[in-house]
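Here are a few friendly notes to read alongside the model. Please keep the 3D view open as you go through the points.

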Amino acid sequence: MGVIGGSIMPLYDALYPYREEIEVVMFKHEQGAAHAADAYGRIARKPGVMVATSGPGATNLVTGIANAYMDSSPVMALTGQVATEVFGRDAFQETDMFGVVAPITKFVYQVKKPEEALPAVATAYKVASMGRPGPTLVDLPRDIQVAKKTEWKGELMPVDFSKYATAEPNLEDVRKAAELLEKAERPAILVGGGVYWANAWEEVLRLAEYMLAPVITTLPGKNSVPFDHPLVMGPAGMHGRAEADAALANADVVLAVGTRFSDRTVGRFDEMREKVIIHVDLDASELGKNLPTAVAIRGDAKVALRMLLDVVKSVDSEERREYLSWLQHIRKEFERAMKEWERDFRGLVPWKVLKTVRRSVPSDTIAVTGVGGHQMWAEIHWDILVPGTFITSAGLGTMGFGIPAALGAKLAARDRQVVCIDGDGSFQMTLNNLSLVRDYDLPFIEVIFDNRALMLVKQWQMYLYERRIIATEFKENPDFAKVADAYNIEYRRPESYEDLERYVEWAVRNGEPLILDVLLDNEKDVVLPWVQPGKWLTQAILPPGMDVSLEWR
Amino acid sequence: MWVETRLCVKVFGGLDQLTRVLNIARRGKVVYRGMEARFEDGHAVACMELEGKAEEVEWVMKKMSALPEVLSVEPRPRRVEFEDPLTEVVLP
Ligand SMILES: Cc1ncc(C[n+]2csc(CCOP(=O)(O)OP(=O)(O)O)c2C)c(N)n1
Ligand SMILES: [Mg+2]
C-alpha cells in the first residue's frame, strides 16, 4: 500500500515479477496507505505494509505511523531515501526519516550497507507483530536498493527478541490478585485493546460471571468483548456509557487487562489512585506507568486470566447482586432518557441512525470510524456483537482515519461487510482515496454524520468557551452527491429510518459501495454523557431528563 | 522517594540506535547530571547520571528496556535513595 516515487522505484521494480503474489495497492495519498495498513494489520493480525518515496512521500506517512503507535497496531513502513553518498547534503527529497519517526515507532532502521537490507526488513516485519504490536520502519537509500543482491540466510538484526517472549505470569501474583478480587466489595474488570490481541474475551466473560463483576472497556477495548453479555457495561470515559462510568467510578478493586489507563478513560487519576488495582499487561513498561498497582502481572492476558480462573473462588453474594442491579438500573434510566431526548431533535437522531444501520448489517460487520462527535456516538451506541469488529483511532484521534481504514479492513476481509461511521469534517480529510473502491473492488458503506461542523470541538466551545464559536462551522459543504458520482459510488440522503434501512440493505445485498449523507442538527448534536476535562466519572453530564446519581450509596 | 542513579544502556548499532534511547531520556521527568557514550564492536554504551522521583526513574528504565535495540539497562553503581531531594531541583 503506498505511492511510488523516484527513491523507491527500484523496490517497486523488484516487485514487478511478484505482482501476482504480492498485491500492490496504489493509494492517492500516503496517509491513506498508512491508515489502511493499520486497519489491515488489526483485522489480519499481521503487519500491513506501507511503501513511500523519500521526502514528502515518507513524511506523508507520519500521521499514520503515529496513529499505529498510539493504538499498538502492527504495520511496517518501507521508505525510499536519497543515496548514502549525498546524505546530509539536503539532496532533492532528502528527509531524515529516522530522526522524524524515532519516537513514534516500535523499531526503526536506516540501512547503510547492502547486506543489512534484508535482515532489517525481516526484523522490522517480525517486530511489528511480536508481543505488543506496533509500527516499524526501514529507510532504504537508493544506492542500497540497486546494489547487487547479497546472500541472505534468514539472519535478523541483533535485537533482543526475548523481550517479546511471553513471560509466564507469576503464580504468586495471580494468587494475590484472586484474593483481592474475592475480598472486593465492588470489583470491576477494565478491558483494553490487549484483550483483543490475546483473544481473551471468553476468559474475561467467564471471570466476570465467576466474580459477578461488571466489565468496562476503554475505547480500543470496545473491540475486545461482545456488548450483548449482561455483565458488559460498555466503554467508560470522556464519552462512555453511564452504567460503565458508574461501574468504574465505584469499583473498589479494578482488574485492568491490556490497557494503559489513558486519561480519556479514567478522567481523573487522583480518585483512581485510591482503588486497589491489579494490572495485567504484556508490556512491562505499562505496569505502574500511569497508576500504582497492588499487583502487577506481566504476561499474556489469556494465560493470566486462565491462571486466575484456576485459583479464584467464585463469589456470589447478595451485595454484589444488589450492586449489579443498581448498574442495570442506571442502564435502563440511561436508555429511557435517550428515548425521551429523541423528541428534541429535528430530523434524524445520531444514535438511532447507528442502531438502524447496526440492525441492517450482518453481525460480523467491521465498523470503522472517523474522529469527532460521530465517533463518540459510535463508542456509546454501536453494539459490538463479534470481538475484533471495531476499528477506531483511539490514542491519536486522527480525523480522516475512516475512509482509508475502511479500505484496509476490506483488503483484509473481502468477504465481510465494512461500514465507516464518519464525520463530514473527517470525510473531507481523506476522501481522495475513495477511488480505490472501484480500482480494487473494495465496496463499503460510508455513513456521513453531516452536521456542517467540526461538532465535537464546537461542543467544547458551546459548553467550555461560553459559546464563542470560531472555526468550527463550515459555511457550506461541497455537494457530496457529486463527490460520490465522481467516484462512481451510489449516494443517498435518507429522510427517515426506513429509508436508511432500505438503502443499507440494498448495499449489503448487492455488495455495492454506498455513501449515505445523514443530515444532523448542528445545534443539538451534542454528545452525552460527557465527563468534562478535569472532572471525575461520577460528574458526567448525563442526557437531559436522566436523574440518577452515578455514586453508589 | 528520590533516587540518584547512574544508568548504563547498551544498544546494538551506533548513533541512530542511541538516538532512540535519548528520545526516551528526553521524555522522562528526571534531571540529567551527566552523560557519556562509547562505541565499539557494533555496540554503543551510554552511561548517564540522573536523579528524580523513584517512579520517574523507573519509567525511564522500563521505557528504555522496551526498545528492541536495547540489549541491557543497568543501574551502576548502586542506586542512592533519599526520602527527599537534598537540593531543590526544578524539573523540566
Ligand atoms: C487531524 C485532526 N485535526 C484536528 C483534530 C481536532 N478535532 C477533533 S474532533 C474534530 C471535529 C471532527 O469533525 P467531524 O469529522 O465533522 O466530526 P463531528 O464532530 O462533527 O461528528 C476536530 C477538528 C483531530 N482530531 N484530528
Ligand atoms: Mg461534522
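1. Chain A and chain B bury about 1,600 Å² between them, and carbon and sulfur atoms give 53% of that area. Buried area is the accessible area (1.4 Å probe) that two parts lose on being put together, summed over both. A:Phe98, A:Lys163 and A:Ser285 supply 30% of what chain A buries against chain B, more than any other three residues.

2. This is a predicted model, in which local features need pLDDT of at least 70 and side-chain atom pairs count only at pLDDT 80 or more, while totals for chains, interfaces and linings use all residues. Residues are numbered from 1 along each chain, chains are lettered from A in the order written, and side-chain values use heavy atoms, without hydrogens and water.

3. In contact terms (heavy atoms within 4.5 Å), 23 residues of chain A meet 16 residues of chain B.

4. How many salt bridges are counted between chain A and chain B? The count is 1, where a salt bridge is a side-chain nitrogen of Lys or Arg within 4 Å of a carboxyl oxygen of Asp or Glu. B:Asp16 and A:Lys112 form a salt bridge through their side chains, at 2.7 Å from N to O. Strand E4 (residues 107-110) of chain A gives the most to the side of chain A that touches chain B, with 4 residues; strands here are DSSP runs of at least two residues, numbered from the N terminus.

5. Now for a sheet in chain A. Its 6 strands form an open sheet in the order E8-E7-E6-E9-E10-E11, with parallel pairing; two strands pair if DSSP finds at least two bridges between them. Strand E8 (232-235) and strand E11 (295-298) of chain A are the edges, each pairing on one side only.
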